[in-house]
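User: Please walk me through this protein model. I want to know what backs each label.

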Amino acid sequence: MKRIFLSLILFLSIFIVDLKASDSGHNTKLKKMRADVHAPYSIMLDHYHKEKEIMLSYRFMTMKMDGYLSGTSKATYTDARTKQGGGNYMVVPQDMDMHMHMFGGMYALSDDITFAVMSSYLENEMKMKRHANGAIKTMKSSGIGDTKINALKRLYQSGDVKIHATLGLSLPTGSISEEDTMFSGSKGTLGYGMQLGSGTYDLLSSATYFNTNSEYSFGMQISGVKRIGENSKDYALGDIIQTNIWGAIPFNDNQTSISVGSEFKFQEKIDGSHKDISSIMSFAQDKEASGFKRIDLSFGINHVFQNLRNLRFAIEFIKPVYNDVNHVQLETDHEIILGIQYNL
Ligand SMILES: [Cu+2]
């Protein structure tokens with residue numbers, strides 16, 4: 001949490017410095033970009049580039065999970081201990097923190113085709129309780145995640161409207177054999193949510209509609225993830241289908257914009273099960289407790305430093321408003337995303 005506050009302070013102080021800089025009438029030859037020509041920061045592959053443009057980006061995402069859900073309702077500790085077919089788990093997850101650092105690069109081959117590569121570094125922590133004696137243990141995993149390569153194709157661009165589609169592949173560079181010391185004192189395989197990658201090659205696709213008029217902007221995106229086959233541990237994460245809608249209003253000479261958005265995400269249950277999880281100690285290791293439908297609401301700020309080659313800062317706060325989970329799962333409390341984008 002400390003890190004988020006530090007980033008926020010940095011974000012706000014640069015913002016103030018920039019306001020002063022723009023007051024002084026400093027100018028550059030680069031075409032000034034509007035803050036809301038990019039979508040809220042949680043939305044990936046929202047824009048393409050002009051020929052030969054290169055853009056680098058960094059995102060920091062943090063997600064906090066706390067409390068339990070079963071189906072569409074809140075669940076109790078007792079629910080979180082109960083196996084789907086009856087009987088009890090020995091261990092009960094308490095809460096989970098996920099941090100993700102994402103590094104991206106975009107390059108436009110032409111005005112019609114842009115390539116994007118993205119890699120990530122993850123840090124996960126899950127606090128667990130052994131029911132029998134009340135002992136608490138925090139299990140951890142960290143390392144690089146999967147690598148995503150995408151091609152963006154401009155389909156239509158006229159007046160206020162831009163439409164593009166993407167096709168990509170996720171390479172299984174993230175580990176699926178993450179272990180930590182269990183309550184028994186010996187090493188054991190962590191649950192599915194603590195693994196760093198999918199282990200499978202995943203087909204990625206999306207389509208985006210973006211409308212920018214003089215007063216405001218809005219857009220929508222539909223995207224999907226299709227797992228190809230099974231991974232080396234004999235399972236595949238559930239396929240994903242997702243839709244996002246958003247609207248944004250620019251102000252401060254178009255240098256800043258605020259946005260609201262909503263996401264619907266449907267992820268299927270895990271197929272197969274991790275071959276190294278021999279006895280399921282908690283719902284975190286149980287494939288039955290995977291897959292969900294969720295609707296989020298988000299609020300975001302974009303800011304572009306027009307006299308610093310359109311260096312862009314963004315922050316977004318995301319809160320689930322509807323959940324429907326399989327079996328019992330930890331509840332996502334909120335997500336925060338901070339990031340920067342820079343045009344070389
Ligand atoms: Cu870009």
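Analyst: Start with pairing: two strands pair if DSSP finds at least two bridges between them. Helices (H or I, at least four residues) and strands (E, at least two) are DSSP runs, numbered from the N terminus. Strands β4 and β5 (residues 136-144) have nine bridges and run antiparallel. The model is predicted: local features need pLDDT of at least 70, side-chain atom pairs count only at pLDDT 80 or more, and totals for chains, interfaces and linings use all residues. Residues are numbered from 1 along each chain as its sequence is written.

User: What makes β1 and β3 a pair?

Analyst: DSSP must find at least two bridges, and β1 and β3 have 13, in the antiparallel sense. Met55 stands opposite Met106 in β3.

User: Which other strands pair with β1?

Analyst: β17 does, antiparallel, over 15 bridges. Leu69 stands opposite Gln329 there. Strand β2 (residues 73-75) also pairs with β1, through three antiparallel bridges. One residue lies between β1 and β2 in their hairpin.

User: What sits between the strands in the hairpin of β4 and β5?

Analyst: Five residues, and Gly134 takes a positive phi near 75 degrees in this hairpin. Within the pair, Leu122 has Gly143 of β5 as its bridge partner.

User: What makes a set of residues a nonpolar core?

Analyst: Its members are buried Ala, Val, Leu, Ile, Met, Phe, Trp, Tyr and Cys residues joined through C-beta atoms within 7 Å. Buried means 20 or more other C-beta atoms within 10 Å of a residue's own, with C-beta atoms placed from the backbone. The largest core has 20 residues, and Met126, Phe283 and Val328 have the most contacts inside it. Elements giving two or more residues to this core are β1 (54-71), β3 (91-108), β4 (113-130) and β17 (311-343). Another core, of 14 residues, lies apart from it and includes Tyr48 and Phe218.

User: How do you know where to trust the coordinates?

Analyst: pLDDT is the predictor's confidence in each residue, from 0 to 100. The protein chain averages 92, and 91% of the residues score at least 70. Over residues 14-28 pLDDT stays under 50. Where pLDDT is low, the predicted coordinates should not be read in detail.

Terms used
Contact = placed C-beta atoms within 7 Å. Buried ≥ 20, exposed ≤ 12 C-beta atoms within 10 Å, placed from the backbone.
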